[in-house]
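Dear colleague,

I am handing over the structure below, together with some notes on what was found in it.

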Amino acid sequence: APGIAPPRLVAGRTTVAPHRLLVVTRDFVREFFSCIECRDHFVEMARELDEATTSSREAVLWLWRAHNRVNDRLKSNSPTPKIQYPSATDCPRCCPTRVESDASCERWDEERA
């Protein structure tokens, strides 16, 4: 599109602001997801993007929380396991409290993630 510079990688980092990448993702989901319920749920979650993402770290944490919120919402209706990410096994330092029965994380320490 005219006026929109394509992202470039400079020293392993993108030149596009993390918030902008999330906005593009939200807009893509809004325009192209065929599941209306999924689309509407994601767009509703993404209303908080402007306040929640002012740095790369906040953008990654927003995506992490959004992923886990969706998995939590879908877990009772899914034929495949919907686990919270990461598992306690995948990130023991960011999961100080784990549920022993399934190795899931009860609460994450986002500062250590």
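**The end of the chain**

Ala113 has its place in the segment after strand 4 (104-107). This residue counts as partly exposed because its relative accessibility is 38%. Along the chain Ala113 and Pro86 are 27 residues apart, and their C-alpha atoms are separated by 9.5 Å. Please keep in mind, here and in everything that follows, that this is a predicted model.

**Overall make-up**

The protein has four helices and four strands, and from the N terminus on its elements run in the order β-β-α-α-α-α-β-β. Of the 113 residues in the protein, buried residues make up 26%.

**How the helices pack**

Two helix pairs are described here, and helix 2 takes part in both of them. Helix 1 (residues 18-32) packs with helix 2 (residues 36-45) at an angle of about 155°, the two axes being 9 Å apart. Helix 1 is therefore roughly antiparallel to helix 2, given that angles over 145 degrees are counted in that way. The crossing of these two helices, helix 1 and helix 2, is left-handed.

Helix 2 also packs with helix 4 (residues 56-74), in this case at an angle of about 140° and with the axes 11 Å apart. The crossing of helix 2 and helix 4 is right-handed.

**Contacts across the sequence**

Leu61 and Glu110 are 49 residues apart in sequence, yet their C-alpha atoms are 7.9 Å apart in space. With a relative accessibility of 10%, Leu61 counts as buried.

**Salt bridges**

How many salt bridges does a search of the whole structure find? The search finds seven, and some of them are described here.

Asp27 takes part in two of these contacts. With Arg26 it forms a salt bridge in which the closest N and O atoms are 3.2 Å apart, and with Arg30 it forms another, where the closest N and O atoms are 2.7 Å apart. Arg30 and Asp27 both lie in helix 1, three residues apart, which is about one turn of the helix. As to accessibility, Asp27 is partly exposed at a relative accessible area of 22%, and Arg30 is likewise partly exposed, with a value of 35%. Arg26, by contrast, is buried at 17%.

In helix 2 (residues 36-45), the side chains of Arg39 and Asp40 meet in a salt bridge with an N to O distance of 3.2 Å. Arg39 counts as partly exposed at 22% relative accessibility, and Asp40 is partly exposed as well, with a relative accessible area of 40%. Elsewhere, salt bridges that share partners join Arg26, Asp27, Arg30 and Glu31 into one network.

Phe28, Phe32 and Phe33 make a nonpolar surface patch of about 350 Å². Of these residues, Phe28 is found in helix 1. Phe28 counts as partly exposed because its relative accessibility is 48%, a value that lies between the limit of 20% for buried residues and that of 50% for exposed ones.

**Where to look again**

Methods. Residues numbered from 1 in each chain as written. Predicted model: local features only at pLDDT ≥ 70, side-chain atom pairs only at ≥ 80, totals over all residues. Heavy atoms only, no water. Patch = residues over 30% accessible without salt bridge, like charges linked within 9 Å, V, L, I, M, F, W, Y side chains within 5 Å. Areas by Shrake-Rupley, 256 points an atom, 1.4 Å probe, with all protein chains shown as cover. Salt bridge = Lys/Arg side-chain N within 4 Å of Asp/Glu carboxyl O. Buried < 20%, exposed > 50% of the residue type's maximum accessible area, 1.4 Å probe, protein only. Axes fitted to C-alpha atoms, helices over the stretch in contact; angles between N-to-C directions. Parallel < 35°, antiparallel > 145°, perpendicular 65-115°, else oblique. Left-handed = near helix turned anticlockwise from the far one by under 90°.
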